[in-house]
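Here is a short note to read alongside the model. Please keep the sequence and the 3D view open while you go through the points.

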Amino acid sequence: MSYLNHVNEQGGVHGRTIKVVAYDDSYDPPMCMANTQKLIIDDQVFALFCYVGTPTTVKVLPMIEEARIPLLGMFTGANALREPFSRHLINVRASYYQETGAAVRHLIDDLGLQKIAVFYQYDAYGFDGLTGTELALKRFNLAPVAGGSYNRGTLDVQEGLNKIMASGAEAVVMIGTYDPCAKFIRLAHEQGFRPLFYLVSFVGADELARRLENQHGITVVMSQVVPPPDRLDPSPLLAGPDGYVTLLKRYFPEDQPNFVGFEGFINARVLVEGLKRAGADLTRQAFINAIESIHDLSLGLGINIAFSASDHQGLDRVYFTRLANGQFSLIKDWADIKAQLDASR
Amino acid sequence: MKRDLIREAAKRFRDTSLKNKIFFSILAVILIISIVIAMLARWILVDNLIDELELRGIAIGRTIAERSSGYILDKNYPELLSLIFDEAKLKERQHLVSYIFVSDREDDVLSHTLTRPFPESLRLANRVPPDETKSVRLFRVGDQMAYDIAIPITQGIYRIGTVHVGLNQNHIDQLVGKLRTTFLGFLSLVVVIIFVITHRIAKYITMPISKLTQISDELSKGNFDVKLDAEQGTDSGQPLECPAFANPDVPCRRLDGELAVVDGGAEILGTDPVCRDCRFYRRQKGDEVAQLADAFYNMIWSIRLYRRRLRESEKKYRSLFDSGPDPIFVVNPHGFEIIDANPRAVEVYGYSREELIGKPFTELAPEHTHKYFQSLQDQGETHGLVTYPKALHYKKGHTPFYVNLHASNIAYKGQPAIVLASTDITEMIEKDAQLVQASKMGSLGEMSAGIAHELNQPLNAIKMGSDFLSMMVEQQREIPPKDLHQVVAEMSTQVDRAAEIINTLRSFGRKAELVTERVDINKPIQAVFSLVGRQFELENIRMELDLGRGIPAIMAHDNRLQQVFFNLVTNARDAISEKKGRLPGRPAGRILIRTFQEGDQVVAEVEDDGIGISDAVRDKIFEPFFSTKESSIDMGLGLAITYGIVKDYRGDLQLTSQEGIGTTFKLSFAVA
C-alpha cells in the first residue's frame, strides 16, 4: 500500500494512478466470492490483487477464469493456484509445497527427525499443506505418523493434539491460522509434549509470536517466502528511498515492518513493474504478457523475480525463521535448533 | 426439363457397366438407409439430448431452489452467490450453464453468477406463472442464445423467489453437433465399409463377366485359341490330349450326346480312361458366377471341337470341290452370277476362274437355265434337286457342248445359293448322233426302193418328154409351140421334183448340228411324206396329212424330226403290213398325220390302223434292241432313238394303242 501510495505520488504509471478497492471477506469464501463479483461488476477493477487465504482464493477461481481478470500476488502458496496452470493467476511467493518440502528436508536431514505429524486446517489450505508435506515425506520414503485437524474459524484443536501426541511425533508440521496454532502449541506445551513445531508462512509470524510470548522452551520454526524485513537492514529494498521500511515509516508510521507487509510490498513492486511494461495502452492481456516478460527482476536481498508464459510464480526461495525472544529471526545454523531440541527432551 | 434429366440419368445408368450398376444400386440403398437412420437417430437422439439437458437444468434449478430458501430468508447473499456459483461451475457443468441467477419475490436479482453487469432484459424475460413449477424459454442473452429455466423458490406455500438457470445453447448445439458428427462419422464409416464391400462384391461378380466378355471378344475376332486357364489355375492339358479333338471322327459324349453311343462310339467312350474323367469339360461347381464361367468354358471347348470338326469337314469337302472330276458352280439364285467354280469348271469351260466368277451362269447356258432355276426355287430354299440332262452349254469362244446338269439349293456362306454340277456328255451325244446317223442310213437303205421309184417317175416323165421331142425332130415335124412349151415345162417340173427328192434325202442324211433351231413342225412331216408317200402308195397304204396352219415353231432339228416321223411312219407301215398281210385281198391301209396346237404345246399325231401294240410289249417298245419284227435287218433301235430325240427336245411321246385296231403316237413339244 505504501509503495502504491508512493507510485501514485510520483504520478502513477503511464499517467494512471492506482486505486485500491478493498473489501473484507472475513476469511469467508462465500463472502470473498460476493466481494469479487462486486469488484468485477460494480467497481470494474482492472485487476485483483493480494487476495488472502487459500479457501477464499480457491473459491473465486472459477469466477476469475470466467471474467478473465488477472489476480496477482495472493497470500497463499496453495497448489490449486498453480496447478492447473491458469494464465490469469500470477503468484509471487513460493508455494506451500515448496515451503513444506524444504522444511521436511531440514527436519530430516539437518535434525535427523523421522516421526513427523501434520496438524492442519480442515479446508483447502490445510489439505494443500498436508499434501505438500506428504509429498515431501514420500521422497524420503516416509509418511506422516499422525494427522490432526480443526475446522476453520474454530479453536477445537484438542482432538488433533491428542492424536498427534499419541503418535509420539518428533515434529509437527502445522498448516493453520495463528490462533488455533498458538493454542495447539500452548496446549502441547502444557501437556508436556515438546516436539519441533513447524509452521508455514501463512500462519502469521508476529501474531503467533505475540500469542506465544509467555511460552518458553518450545521450538517453533516457521518458513517464510520473503526474508525478514529487519528495520536495521541497510539494504536499499528496505532502507532505500523507495524501500519498504522507508515508505512504511512515511505512510504508515505506526506500523512495524513485518513479513506480510513486506510480501505485499514485493507484490506491489511486481504489479507496478507489470503495469510499466504493459505500456500506455493497458489491457488485461497486455498486462499478463508484461508480467510474463519479467524474467529476471532483481529487487535486492537476493530476491530475484522471474516469470514466463508457463511459470506464473515469481519467487521460489523459502526462508526459515525460529521463534526466539518473542520474535522470529532467520535461522543461521540448524545445529542450534537440534541442540535445543535435544535439551528440551 | 427435369424429366429429361431423369431420363438421361436412367439412360446413363442403363449404359453403365454391371459392376457400376451393382455398386451404385447398393450404395444408393445404403445411403438412403443411412440417411433415414441418421435422420431418425438425429431426431430421437437430439431431441432426447435437448430434453435431457433441459432436465438437468431443471434439476440444478430445483436443487438451488431447495437450498437457497434459507439464504434468501436470512438475506445471506454471499452464501447464495457461493451456492449458485458452485452449482454453475461444477466441473463440466460450467460449459452447459451459462448463468444462474436468483431473484426475489419482486423479481429483483439477489445473486447471479455473471461477471459482468446483470442485463436488465434477463430479469423479467422468463417469469414463472403463479401455478407453474417451472418455465422454460429460449432467448438471446448478450451474444448467445440460452434456454432460461426458471424454478420458483417456495417457503411453505408462498413463493419467495425464483432460480433461473441459463443453459448455453451454443454448448447444447456443440453437444448436438458432436453427437451428430460422431453419428455421421459412424455412418460414414459404415458407408465406407459397405462401399468397399460393395466394390469387392461388384468386382467379384463382374470380373469373371468382364473376363468372359474379353474372351467372347477374342472369340468373335476369330481367335479361338484364347487362354482360358491362366487365371483359373486348372490344368486342362493340351487340346490334342482330347481324343475327340485329335481325331474329328471320334465322337464326344458331351458334344454329341447319346448319338455318340449310337454311332458306335460307345466302345471308345467306355474304354478310354481320358473320357471317363474328361479334363476339358468342367463340372459346374461353386456359385453362379463360377458356374457361368465353367459353362462358358465348356461352350468354348465345344466351339473349338466343332470348329475343328468343321475345319476338317470343310477341308474334306473343299478337296471334293477342288479336285472333283466334274465342273461345279455355285450360283447366286437371283442374278445367276457365278459365285464360285472349281478348277475342273475352269478347265472344261475354258474361262479362267476370275472370268467365271461374277459371270451370269446364263451366259454359259443360255437355254432353259431360267426355267430350271425357277423349278429349283419352287422346290424351296433349302432342298431340292433338279437334274437337267443334255443341256447345251458354251465354252469360251461360244463352242457348244452338252452336259448333264445337276442343280440343288444350298446355303453358301450363309446365303442361299445354287450348286450346279455339270458332266460333259458331248462325247456321249456324239455317239448318240452317230447311232442316229447309222440308223438313218439304215432307214435310207430301207427307203431306197421307194426313193428309186420316186426318182424314176420324174426320170420317166423326162424320158417321155425328151423322146417325144427327139421323135418330132427326127420326123422333121413341126412342134407346135404350145406343145413344145408344155413338154419343156413338164420336163423342168420333173427335174425340180427330182432335185427336191435329192435335197430331202441329203438333208435327211446330214448329221444334225448341236444347236437347236426354230422348226416348223409341218416341214419335216412334209419332207418325210415326199420321201415315202409314193412308196407307201405302192404298198397300198394311203398316207394322209392333216397339218394345222399357223402352228408356232418349236426348238429342234429339222432332219432329226424327219427321222422321228420317218421312224414313226415306217413303224406304222410295218404295223399295217403285218395286219393286212394276214388279211385276204390285202385291203388298203391308212396313216394319218395331224398337227395342231394344244395350249403351249405343239402336238403331232401319227395314227395308223395297223395291228396295234399289245399291253405286254407296250412298256418295252421304247427300249433299244427291242423289236417285234421278224426281219433280221431291223435292230430294234427305231423307237428308242425316236424317244431319245423327243426327250432331247424336252418333248413328250405318248402312245395309245388298241390291239388289232391301230396305234396313235402323240408327240408334244413346247412352243419355242
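1. Helices here (H or I, at least four residues) and strands (E, at least two) are DSSP runs, numbered from the N terminus.

2. Before going further, a word on how to read the values. This is a predicted model, in which local features need pLDDT of at least 70 and side-chain atom pairs count only at pLDDT 80 or more, while totals for chains, interfaces and linings use all residues. Residues are numbered from 1 along each chain as its sequence is written, chains are lettered from A and ligands numbered from 1 in the order in which they are written, and side-chain values use heavy atoms, with hydrogens and water left out.

3. How exposed is that first pair? Buried means under 20% relative accessible area, exposed over 50%, and partly exposed in between (1.4 Å probe, protein chains only). Arg318(B) has a relative accessible area of 30% and is partly exposed; Asp322(B), with 32%, is partly exposed too.

4. Arg542(B) and Glu544(B) form a salt bridge through their side chains, at 1.9 Å from N to O. Arg542(B) is partly exposed at 44%, and Glu544(B) is partly exposed at 23%. Arg573(B) and Asp574(B) are also joined by a salt bridge, at 3.2 Å from N to O. Here Arg573(B) is buried, with 10% relative accessibility, and Asp574(B) is buried, with 18%. Elsewhere, in chain A, salt bridges with shared partners link Asp179(A), Glu207(A), Arg210(A) and Arg211(A) into one network. Over all chains, the structure holds 32 salt bridges.

5. Now to the place where the two chains meet. Contact here means heavy atoms within 4.5 Å. How many residues does each chain bring to the contact? Chain B gives 13 residues and chain A gives 14. Together the chains bury about 1,200 Å², 63% of it on carbon and sulfur atoms; buried area is the accessible area (1.4 Å probe) that two parts lose on being put together, summed over both. On the chain B side, Pro78(B), Phe85(B) and Thr115(B) lose the most area to chain A, together 44% of what that side buries.

6. Which residues make the salt bridge across this interface? The rule finds one between chain B and chain A, and the side chains of Asp86(B) and Lys59(A) meet in a salt bridge at 2.4 Å, N to O. Helix H3 (residues 77-88) of chain B supplies the largest share of the chain B side that touches chain A, six residues. By class, that side has five nonpolar, four polar and four charged residues. Ala, Val, Leu, Ile, Met, Phe, Trp, Tyr, Cys and Pro count as nonpolar, Asp, Glu, Lys and Arg as charged, and the others, Gly among them, as polar.

7. Chain B also has a set of paired strands to trace (two strands pair if DSSP finds at least two bridges between them). Strand E1 (residues 97-104) of chain B pairs with strand E2 (residues 109-112) of chain B in the antiparallel sense, over three bridges. E1(B) and E2(B) form a hairpin with four residues between them, and Asp107(B) in the turn has a positive phi of about 65°. Val102(B) is a handy landmark: it stands opposite Ser111(B) in E2(B) and opposite Val163(B) in E5(B).

8. Strand E5 (residues 158-168) of chain B is mostly covered, with nine of its eleven residues buried. E5(B) runs antiparallel to E1(B), joined by seven bridges. Ten bridges join E5(B) to strand E4 (residues 144-155) of chain B, again antiparallel. The hairpin of E4(B) and E5(B) has two residues between the strands, and Gly156(B) there takes a positive phi near 65°.

How values were computed. A salt bridge is a side-chain nitrogen of Lys or Arg within 4 Å of a carboxyl oxygen of Asp or Glu.
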